[in-house]
Amino acid sequence: MRIPFLSLFPALFLTFFLSAHSPPSSIYDHLKHNGLPIGLLPKGISDFSIDPNTNRFHVNLTQPCNSEFEIQLHYDFNISGVLSFGKIANLSGVSQQELFLWFPVINIRVDDPTSGLINFDVGVVDKQFSLSLFEIPRDCTAFDPKGSLSISQVYST
């Protein structure tokens with residue numbers, strides 16, 4: 001009876017080793033691998049690419065959309081940025097609403113995971129939120145472009 005068990009051990013070990021060391025298969029896996037919450041991006045993303053040399057990623061959505069919870073985020077058709085541990089730099093395609101204005105989110109970072117806080121750099125100020133808001137990807141509803149002004153629209157008028 002010991003021979004079948006011993007013959008299964010290498011197969012089980014190999015399966016465990018490969019699953020533990022396989023490259024991330026989704027953008028959500030890449031976020032988690034870099035110490036970031038997976039809810040920074042909305043549900044349903046299947047089309048993404050990432051450059052393994054620079055960690056620059058591109059995400060494509062079927063339509064621009066808004067995700068609303070304690071804060072409201074807008075996601076463009078295309079989202080891109082550079083992933084590093086605890087940070088997304090050079091982010092484009094994500095905006096955060098403050099009152100009636102939309103501010104582009106430039107960087108997102110988790111300075112200290114034990115603090116339970118995440119920082120959004122919206123250019124003029126850093127906004128701090130609870131990490132727990134971003135534990136799971138949120139539903140995203142179609143965007144109404146007439147709903148409110150972006151900060152770039154205010155400056156151009």
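Student: How many salt bridges does the structure hold?
Tutor: The structure holds 4 salt bridges, a salt bridge being a side-chain nitrogen of Lys or Arg within 4 Å of a carboxyl oxygen of Asp or Glu. This is a predicted model, where local features need pLDDT of at least 70, side-chain atom pairs count only at pLDDT 80 or more, and totals for chains, interfaces and linings use all residues. Residues are numbered from 1 along each chain as its sequence is written, and side-chain values use heavy atoms, with hydrogens and water left out.

Student: Which residue forms a salt bridge with Lys-43?
Tutor: Asp-139 does, with the closest N and O atoms 3.2 Å apart. The pair links distant parts of the chain, 96 residues apart: Asp-139 is in the loop between β9 (126-130) and β10 (141-142), and Lys-43 in the loop between α2 and β1. Helices (H or I, at least four residues) and strands (E, at least two) are DSSP runs, numbered from the N terminus.

Student: Asp-139, buried or exposed?
Tutor: Exposed, with a relative accessible area of 54%. Lys-43 is partly exposed at 47%. The cut-offs are under 20% relative accessible area for buried, over 50% for exposed, and partly exposed in between (1.4 Å probe, protein chains only).

Student: And what does Glu-98 pair with in a salt bridge?
Tutor: Lys-127, with the closest N and O atoms 3.1 Å apart. Glu-98 is in strand β5 (residues 87-98) and Lys-127 in strand β9, 29 residues apart. Glu-98 is partly exposed, with a relative accessible area of 32%, and Lys-127 is partly exposed at 22%.

Student: Which residues are joined into one network?
Tutor: Asp-111 forms a salt bridge with Arg-109, the closest N and O atoms being 3.0 Å apart. Salt bridges that share partners join Arg-109, Asp-111 and Asp-126 into one network. Asp-111 is exposed at 53% relative accessibility, while Arg-109 is partly exposed at 24%.

Student: Change of topic. Where is Asn-34?
Tutor: Asn-34 is in the loop between α2 (27-33) and β1 (47-50). Asn-34 counts as buried, at 8% relative accessibility.

Student: What does Asn-34 touch?
Tutor: Leaving out residues up to four places away in sequence, Asn-34 touches Asn-55, Leu-83, Ser-84, Phe-85 and Gly-86. Contact here means heavy atoms within 4.5 Å.

Student: How many helices and strands does the chain have?
Tutor: The chain has 3 helices and 11 strands. Buried residues make up 36% of its 157 residues.
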